[in-house]
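Here is a friendly briefing to read alongside the model. Please have the sequence and the 3D view open as you go.

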Amino acid sequence: MRRSFSILLCFAILISFAGCRGGNVTESSAGRAFVIGFSQVGAESDWRIANTKSMTETFQGDPEYEFRMENARQQQENQFAAVRRFILEGVDLIVIAPTVEDGWQTVLTEVHDAGIPVIITDRSVSVWDNNLYLTNVGSNFYGQGKKAVDWLSEETRGESNVNILHLQGTIGATAQIQRTQALEDAAANQGNWITNKLYGDFTEAKAYEVMTDYLATTHDIDVLYSENDNMTFGAMRAFDEAGITYGEGGQVKIITFDATKEALQYCMDGKIDLCVECNPLFGPMVKELIEKYRKGEDIPKQVYVEEKVFTSKDLDQAFIDSREY
Ligand code: GZL
């Protein structure tokens, strides 16, 4: 009786050790690829599709890496589920492009407790302890908004009242928070800027819907401040249907963010007044930071990508054709 019990006890102890991962999961063992789990926001915009292409092409072409991407369809809950799956799979590093800033404390603590490093890309997360992630690679969204409002301030200098229609992206996303803040700060200083907000969730369809409804109530718009190109395209379609002119020489000045090829083409053709670039092509930069991390080198907590603004004067067809997105 005693003998069979001790065999059973040893067997139970063996099973319990087999279930716990030993060692540091962040160091891929010699010979196997370094596994990256990437939770992407969705496919809501041309910008996002270009960003996914940049990340995918950077890693999938390199045998040293195994790249697993999950599309959250703009739902944060889907990102939590994807990140928890990556933990269970024991990936070596997790990259997250967060839908919104809030709500990440718990799941990032779980990742931290599992010993898996995290890189935040594009937008940011709001957590008590920024040691829960290695670095944040993305845009200075407030800086983008500041470039836009500085241009608009010059364009509307001396005008009595400026009616600005503000098309907001996904509420709570860093891109929305900071592009909105830049406009609100400027409007507070200008005194003659009157702003009205519509919610377009960064998509063309939603923007077309809300703009069509809005134009049924008023056509009193001097400026459209649209937080991404796809919402701008939806708004332009609604303007066309309502007979409202826009762009250079039109009733409505259009400011748009992302500077995708399609937006730059409209800008060169005088249909959009200002394109504020938001650079999605940071896959190579993320890879470079991961390689520094794997070598034990320090990496900065925040890395901004280079970005510019464009008016029709800055554009020609060769430049637009040369753009990657
Ligand atoms: C910006 C990114 C935004 C883009 C939109 O970095 O988060 O989300 O401006 C996209 O096109 O939907």
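Strand S3 (residues 93-96) runs parallel to strand S4 (residues 118-122), and 3 bridges hold the pairing. Within it, isoleucine 94 has valine 118 of S4 as its bridge partner. Strands here are DSSP runs (E, at least two residues), as are helices (H or I, at least four), numbered from the N terminus, and two strands pair if DSSP finds at least two bridges between them.

A word on the source: this is a predicted model, in which local features need pLDDT of at least 70 and side-chain atom pairs count only at pLDDT 80 or more, while totals for chains, interfaces and linings use all residues. Residues are numbered from 1 along each chain as its sequence is written, and side-chain values use heavy atoms, with hydrogens and water left out.

**The parallel sheet**

- S3 and S4 belong to an open sheet of 6 strands, ordered S2-S1-S3-S4-S5-S11, with parallel pairing.
- At its edges you will find strand S2 (65-71) and strand S11 (302-304), each of which pairs on one side only.
- On average, neighbouring strands of this sheet are turned by 20 degrees against each other, direction ignored.
- Helix H2 (residues 46-60) lies across strand S1 (34-40), S2, S3 and S4, and runs at about 160 degrees to S2. Axes are lines fitted to C-alpha atoms, for helices over the stretch in contact, and angles run from 0 to 180 degrees between N-to-C directions; contact means heavy atoms within 4.5 Å.

**The mixed sheet**

- Another open sheet of 6 strands has mixed pairing and the order S7-S6-S8-S9-S10-S12.
- Its edge strands are strand S7 (193-199) and strand S12 (309-310), each pairing on one side only.
- Strand S10 (residues 274-277) is antiparallel to S12, with 2 bridges joining them; valine 276 stands opposite valine 309 in S12.
- Helix H8 (residues 229-242) packs on the sheet and touches S6, S8 and strand S9 (253-258), its direction making about 150 degrees with that of S9.
- Helix H7 (residues 204-215) lies across strand S6 (162-168), S7 and strand S8 (223-226), at about 125 degrees to S7.

**The ligand**

- There are 13 residues around the ligand, and Glu44, Asp122, Arg123, Asn228 and Asp258 come nearest (a residue counts if one of its heavy atoms lies within 4 Å).
- A polar side-chain atom lies 2.3 Å from a ligand oxygen atom in the case of aspartate 122, and 2.6 Å from one in the case of aspartate 258.
- The protein covers 100% of the 310 Å² of accessible area that the ligand has on its own (Shrake-Rupley method, 1.4 Å probe).

**The domains**

- The domain assignment, automatic or from a database, gives domain 1 (34-138 + 280-294) and domain 2 (141-278 + 311-322).
- Their C-alpha centres lie 29 Å apart.
- Between them, 12 residues of domain 1 are in contact with 18 residues of domain 2.

Key
Polar contact = N/O pair within 3.5 Å; in protein donor to acceptor, adjacent residues only side chain to side chain.
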